[in-house]
Amino acid sequence: MKPEQEQLWAEMHMKHLEMLQSVITRMAGNSASLKNYCMTISAAIIGLAAAISRPEILYYTTPLILIFGILDGHYLRLERAFRDQYNSVRRSGTAERPDFTISPSWTAGHGIFSGLFSWSVWLFYMSLIAVFVVIALLMSG
């Protein structure tokens with residue numbers, strides 16, 4: 001192989017890794033945004049329940065919090081799958097031409113519930129549900 005071609009493929013390889021890293025960063029950002037949105041909506045619902053003296057409203061928000069948790073788990077699952085593809089591309093040699101594939105690597109360990117049962121997801125959302133229950137009990141008592 002010519003040195004110019006080898007240099008070109010090495011540059012293309014780096015561009016492919018940069019593209020994958022941007023997707024991984026976007027997935028992580030989406031996950032963080034979901035947590036922020038959930039906290040904002042939760043604070044607003046707590047304020048509403050306190051303002052109208054209806055603590056039972058807090059119990060009805062549990063499905064909403066769970067939906068945010070499921071979405072967050074999905075983004076975490078995608079992020080992990082793209083990280084696997086990133087590592088696969090990183091380990092491949094720079095002497096071969098990159099194919100620029102950008103798709104999650106669905107290897108073992110990336111099942112439907114793998115992101116949902118991550119401590120960063122279930123601990124956050126279950127704690128939020130517990131806080132809602134405690135506040136509802138304090139408001140009604």
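Author: An axis here is a line fitted to C-alpha atoms, for helices over the stretch in contact, and angles run from 0 to 180 degrees between N-to-C directions. This is a predicted model, in which local features need pLDDT of at least 70 and side-chain atom pairs count only at pLDDT 80 or more, while totals for chains, interfaces and linings use all residues. Residues are numbered from 1 along each chain as its sequence is written, and side-chain values use heavy atoms, leaving out hydrogens and water.

Reader: Are α3 and α4 roughly parallel or roughly antiparallel to each other?

Author: Helices are DSSP runs (H or I, at least four residues), numbered from the N terminus. The axes of α3 (residues 62-91) and α4 come within 9 Å and cross at roughly 170°. Because angles under 35 degrees count as roughly parallel and those over 145 as roughly antiparallel, α3 and α4 are roughly antiparallel.

Reader: Is Glu79 buried or exposed?

Author: Glu79 meets Arg83 in a salt bridge (a side-chain nitrogen of Lys or Arg within 4 Å of a carboxyl oxygen of Asp or Glu). Buried means under 20% relative accessible area, exposed over 50%, and partly exposed in between, with a 1.4 Å probe and protein chains only. Arg83, at 35%, is therefore partly exposed, whereas Glu79, at 13%, is buried.

Technical notes:
Helix = DSSP H or I, 4+ residues; strand = E, 2+ residues; numbered from the N terminus. Parallel < 35°, antiparallel > 145°, perpendicular 65-115°, else oblique.
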